[in-house]
Number of protein chains: 2
Amino acid sequence: MSEKKVVVAVVGATGAVGREMLKILEERDFPFSQLVPLASARSAGNSIEYKGKKIVVKELKEDSFKGIDLALFSAGGSTSEKYAPHAVKAGCVVVDNSSAWRMDKRCPLVVPEVNPEALKNHQGIIANPNCSTIQMVVALKPLHDAAKIKRVIVSTYQAVSGTGQKAITELDTQVRQMFNLQAPDVKVYPYQIAFNCLPQIDVFMPNDYTKEEMKMVDETVKIMNDPNIKVTATAVRVPVFYGHSESLNIETEKKLTSKEARAILSKAPGIQVFDNPSEKMYPMAITAAGENEVFVGRIREDETIANGLNMWVVADNIRKGAALNAVQIAERLLKDNLLKVKDPNAFM
Amino acid sequence: MSEKKVVVAVVGATGAVGREMLKILEERDFPFSQLVPLASARSAGNSIEYKGKKIVVKELKEDSFKGIDLALFSAGGSTSEKYAPHAVKAGCVVVDNSSAWRMDKRCPLVVPEVNPEALKNHQGIIANPNCSTIQMVVALKPLHDAAKIKRVIVSTYQAVSGTGQKAITELDTQVRQMFNLQAPDVKVYPYQIAFNCLPQIDVFMPNDYTKEEMKMVDETVKIMNDPNIKVTATAVRVPVFYGHSESLNIETEKKLTSKEARAILSKAPGIQVFDNPSEKMYPMAITAAGENEVFVGRIREDETIANGLNMWVVADNIRKGAALNAVQIAERLLKDNLLKVKDPNAFM
């Protein structure tokens with residue numbers, strides 16, 4: 001397939017992640033012949049901008065995918081569940097940002113720096129992992145290769161943009177209301193997020209963990225393709241607009257000094273080590289926002305066990321945590337000549 | 001000593017913690033005959049209010065403690081280092097909220113719910129632990145008694161009020177500036193705290209941990225009086241005004257189910273278990289602010305090890321984390337008839 005002939009759809013083009021996808025496609029000069037922005041009936045008719053040109057957003061329908069080679073979905077789980085099979089049926093390869101297909105055995109769950117080989121056997125739908133998982137596995141993979149990770153304890157500090165545009169507006173509105181001595185309106189989250197931390201992301205599961213926490217547990221094992229990596233997570237929403245931070249505690253089979261870990265991570269793809277305590281240099285949400293890399297710092301040996309490390313991992317949750325990772329998957333599909341559907345009925 | 005005759009000084013009476021101490025003394029109707037607010041020359045001459053009466057703040061000097069039985073210090077480490085020995089010399093018992101005396105072998109480090117017995121052998125200075133340590137050990141102690149804690153991995157979400165009034169103002173000012181499209185002034189913290197998380201609290205130590213993190217490690221061992229409890233910490237400042245949150249991962253010698261842990265904590269002093277996922281009930285900074293208890297929720301078994309628990313611990317860092325704990329120590333000293341200095345020269 002010649003790259004010039006690729007027709008690309010962005011599903012959910014007007015959402016927070018969809019808009020970032022368009023921006024990243026433009027930045028990276030993604031080689032397509034036509035761009036088709038799709039969205040729900042509510043948003044259809046609006047237009048998006050691409051390289052200074054306005055393109056009208058079309059309504060997403062079951063028959064929207066005729067003639068489309070690649071669809072980047074970021075429109076929520078139920079939309080993906082309903083429309084992705086129709087896209088595949090039309091011969092279109094789907095990279096899906098929702099959680100709908102992530103744990104489906106037919107669908108590879110891919111972070112290009114970690115498991116690009118998983119793309120080879122795709123059947124039409126490739127799943128983009130959860131934002132908090134992506135940045136974590138980018139940082140874990142090189143350490144796993146070097147010293148075999150046995151256990152990870154992660155606590156997250158997640159930005160509101162992970163919930164979408166409406167949550168960005170909610171934090172902004174609540175802060176303005178409070179500074180005008182008004183009670184903050186609480187609509188998107190169960191409680192006020194302004195000047196607060198919410199130890200709940202997504203719904204609770206029967207084991208009292210949240211769905212977000214269990215995503216980090218289950219997706220990590222699938223992406224790393226190693227059932228021996230044990231993860232336990234506490235996922236927390238914080239009053240930050242862009243950039244997820246994570247406090248990671250890692251136990252490895254082989255000893256790694258912090259110096260060795262720093263050296264390994266410095267050479268790893270997609271990572272920028274930002275770690276110099278004497279210069280107060282460490283990753284932060286405000287410096288990771290708008291960047292493509294996963295930033296790692298505060299690397300230090302955990303003195304409570306023989307082979308332990310603590311570190312602080314930050315990335316732009318909308319870019320590497322969602323839109324960029326999806327576009328990187330698409331680039332890899334193109335490069336490896338994998339932009340084709342073997343069985344159009346695989347998901348019907 | 002009759003309670004009626006106690007003369008109490010509050011050193012640093014105009015700071016964030018000092019003001020809270022006065023509020024708590026009033027709330028609890030602390031039995032003193034005279035209240036002497038002291039502060040630096042800069043703040044002396046201002047007045048504070050106690051039960052509707054104005055009291056002029058006097059300048060702190062080496063000879064300020066004549067005739068004073070009890071001094072609650074909250075004026076920073078260097079002030080405590082300099083003036084607490086003079087207080088003791090004058091026969092005044094000091095409860096100090098700074099870090100100056102915490103690891104001094106002569107000084108008990110006390111959380112009344114955890115180790116009140118340590119007060120017995122005080123030599124004139126009793127140290128109040130670090131805010132992030134206090135709420136953690138209140139939650140750990142009952143579990144330690146029941147199942148022996150071996151290891152704790154803690155990540156904190158700490159409010160700006162822990163840094164003092166100037167940091168409260170800084171967060172407020174930065175948010176207002178950003179909402180008026182101005183660049184935020186950065187003075188108190190190394191970087192912008194508004195809509196950001198800072199993985200640095202206090203200075204860095206030679207081992208690349210921060211002083212705040214090492215306080216949690218060392219103070220926990222001293223308060224719990226058990227060198228076998230191993231703690232590793234990541235301390236993070238978040239854009240919250242009041243209320244520290246902590247994500248705790250605990251490994252115990254004996255197995256505790258989450259149900260057992262919940263039952264144990266429900267009966268423990270100073271704790272309120274706030275843990276019902278189906279009702280979205282968990283502790284948060286905005287609900288802990290202004291309260292006296294340590295709130296514990298999100299209690300769940302860590303499925304990555306045999307005897308592990310995760311939990312979420314929140315308290316008002318200015319109340320239980322500082323002012324209230326100091327007043328509780330003072331109450332205990334009174335109750336146990338320990339408000340006396342054995343050797344006035346113990347710290348000279």
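Predicted model: local features only at pLDDT ≥ 70, side-chain atom pairs only at ≥ 80, totals over all residues.
Two strands are taken to pair if DSSP finds at least two bridges between them, and by that criterion strand β7 (residues 93-96) of chain A is joined to β8(A) by three bridges and runs parallel to it. Within this pair, Val94(A) stands opposite Ile125(A) in β8(A).

**How the two chains are related**

- Chain A can be laid on chain B with an RMSD of 0.0 Å by a turn of 180°, with a shift of 0.0 Å along the axis. The two copies are thus related as by a two-fold rotation axis.
- Of the interface residues of chain A, 100% are also interface residues in chain B, so the copies meet through the same surface.

**The sheet in chain A**

- In chain A, six strands make up an open sheet with parallel pairing, and their order is β5-β2-β1-β6-β7-β8.
- The edges of this sheet are β5 (58-59) and β8 (125-127) of chain A, each of which pairs on one side only.

**The sheet in chain B**

- Chain B has an open sheet of six strands in the order β5-β2-β1-β6-β7-β8, and the pairing is parallel. Because β5 and β8 (125-127) of chain B stand at the edges with a single partner strand each, one side of each is left without a neighbour in the sheet.
- Strand β2 (residues 34-39) of chain B has five of its six residues buried, so it is largely enclosed by the rest of the structure.
- Strand β1 (residues 7-11) of chain B pairs with β2(B) in the parallel sense over five bridges, and Val10(B) stands opposite Pro37(B) in β2(B). From β1(B) the chain passes through helix α1 (residues 16-27) of chain B to reach β2(B), a β-α-β crossover that is right-handed.
- Strand β2(B) is also joined by two bridges to strand β5 (residues 58-59) of chain B, the two running parallel, and here Ala39(B) stands opposite Glu59(B) in β5(B).
- Strand β7 (residues 93-96) of chain B pairs with β8(B) in the parallel sense over three bridges, and the bridge partner of Asp96(B) in β8(B) is Ala127(B).

**Helix α2**

- In chain A, Thr79(A) belongs to helix α2 (residues 77-89), and at 18% relative accessibility this residue counts as buried, because the cut-off for burial is under 20%. Leaving aside residues up to four places away in sequence, Thr79(A) touches Leu60(A), Phe73(A) and Ala84(A).
- In chain B, the 13 residues of helix α2 (residues 77-89) should span 18 Å at 1.5 Å a residue, and the end C-alpha atoms are 19 Å apart, which agrees.
- Just after α2(B), Gly91(B) takes a positive phi of about 90°.

**Helix α3 of chain A**

- Helix α3 (residues 131-147) of chain A has 17 residues, which should span 24 Å at 1.5 Å a residue, and its end C-alpha atoms are 25 Å apart, which agrees.
- The helix α3(A) has a kink of about 30° at Leu140(A), shortly before the proline Pro142(A).
- Helix α3(A) is mostly covered, with 15 of its 17 residues buried.
- Just after α3(A), Lys148(A) takes a positive phi of about 60°.

- Most residues other than glycine have a negative phi, which is the background for the next two points.
- Phe195(B), a residue other than glycine, has a positive phi near 55°. Phe195(B) lies in the loop between α4 (165-179) and α5 (211-224) of chain B, and at 7% relative accessibility Phe195(B) counts as buried.
- Arg298(B), likewise a residue other than glycine, has a positive phi near 50°. Arg298(B) is placed in strand β13 (residues 294-301) of chain B, and at 3% relative accessibility Arg298(B) counts as buried.

Technical notes: Residues numbered from 1 in each chain as written. Chains lettered and ligands numbered in written order. Heavy atoms only, no water. Least-squares fit on C-alpha atoms with pLDDT ≥ 70 in both. Contact = heavy atoms within 4.5 Å. Helix = DSSP H or I, 4+ residues; strand = E, 2+ residues; numbered from the N terminus. Buried < 20%, exposed > 50% of the residue type's maximum accessible area, 1.4 Å probe, protein only. Expected span 1.5 Å × (residues − 1). Bend = angle between axes of the 7 residues up to and from the residue. Right-handed = clockwise from strand over helix to strand, strands pointing away.
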